[in-house]
Amino acid sequence: MDFMKQVDNLNFQCPNCMIPLKKNDSSFVCRGCLKEAQIIRSVPRIDFGAFLMSESDFDQEKNTLAYSFYSILYGPLALLNLIAVWRGSIGKQLVHYQNSLELSKGDILDTAIGDGSLSALVYNKFRKKNEENKNRFCIGLDISPDMLRKAEVQFAPVVRKSLRFLLLRADAKALPFSDRCFNQVFCYGGLHSIPAPEKVLKEFFRALRPGGFFAGSVLLTPRGWLGKKLAGKYLEWGTLSNDFSFGDVEKLFISSGFTDLLLEKNGETLLIRAKKP
Ligand SMILES: C[S@@+](CC[C@H](N)C(=O)[O-])C[C@H]1O[C@@H](n2cnc3c(N)ncnc32)[C@H](O)[C@@H]1O
């Protein structure tokens, strides 16, 4: 399907003024603050960079800068961290992600997709099993332009074979969508990275349709002296923004309104599924 027609079906709104955006040939414009989200057709991608908060969001800026370096070798380093520091099984995480995709119906917002190296494996398998899903929407969202540049190459072409897929640069703390747009919101490996996770969950809840579900994974505080020391360094550098315990994650989801919370330990990480009633 033509890219512009796909985009017509999405309910974009200004993340600051909360009013619908007006589409023109090359951008979406807010009539309130006059900011524009650029449509980059050659990729295709929509860039909400102009809507991101500036100086006031110091932690986010630190995180985005850290991911600009991390993006150079993200795949192997992230895998090493998961296995050696957080003692998680990549297989278990992939199966959880895969099952969430199999359970999903309708449109998906996949957030903090990073360079898409993990997601590409999962969506590739999904495509082979589910040829009938081609009319569904999937939005791959991240805030880091460097991570997204890599996702454009390795992740986007894979997903596009199974779903109508768009990459979006935007902030998960201020989603550029109207309420109740998606049947599923995913965030694998993102909640520990994004500063102010309570804002993120509020946004995920708002973007979900009633009966829809959240699925994802999160790193907890690792065990042992070395793990704790390394996690401390990652917090200092900004690749990690939150130090969660099991109880913190549970409270965060319940206080954001989610129900039917399923938390499964995978080493010192948590695999999560939760419903919007
Ligand atoms: C640990 S990586 C996870 C990547 C991928 N999902 C994976 O599991 O390999 C965390 C990602 O969160 C993104 N991120 C950080 N803050 C964000 C925000 N406010 N909105 C959207 N993405 C954000 C980072 O740019 C980074 O790509």
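What follows is a short chat about the fold of a predicted model.

Visitor: What kind of model is this, and how are residues numbered?
Guide: This is a predicted model, in which local features need pLDDT of at least 70 and side-chain atom pairs count only at pLDDT 80 or more, while totals for chains, interfaces and linings use all residues. Residues are numbered from 1 along each chain as its sequence is written.

Visitor: How many helices and strands are there?
Guide: The protein has 10 helices and 11 strands, where helices (H or I, at least four residues) and strands (E, at least two) are DSSP runs numbered from the N terminus.

Visitor: In what order do the strands sit in the sheet?
Guide: The 11 strands form an open sheet with mixed pairing, in the order β1-β2-β3-β4-β7-β6-β5-β8-β9-β11-β10; two strands count as paired if DSSP finds at least two bridges between them. At the edges stand β1 (22-23) and β10 (259-266), each with a single partner strand, so one side of each is left without a neighbour in the sheet.

Visitor: Which strands pair with β7?
Guide: Strand β4 (residues 45-47) pairs with β7 in the parallel sense over three bridges, and I46 has L168 as its bridge partner there. Strand β6 (residues 137-142) also runs parallel to β7, joined by six bridges, with D142 standing opposite R169.

Visitor: Is β7 covered on one face or both?
Guide: Both faces are covered, with R164, L166 and L168 buried on one side and F165, L167 and R169 buried on the other. Here a residue is buried if 20 or more other C-beta atoms lie within 10 Å of its own, exposed if 12 or fewer, and partly exposed in between, with C-beta atoms placed from the backbone.

Visitor: Switching to helices, how far apart are the ends of α4?
Guide: The end C-alpha atoms of α4 (residues 90-103) are 20 Å apart, which agrees with the 20 Å that its 14 residues should span at 1.5 Å a residue; the expected span is 1.5 Å times one less than the number of residues.

Visitor: And which of its residues are buried?
Guide: In α4, Q93, H96, Y97, S100 and L101 are buried. Seen down the axis, these buried residues fall within an arc of 135°, so they line one face of the helix; the arc is that of the directions from the helix axis to the C-beta atoms. On the other side of α4, G91, E102 and L103 are exposed.

Visitor: What share of the whole protein is buried?
Guide: Buried residues make up 44% of the 277 residues.
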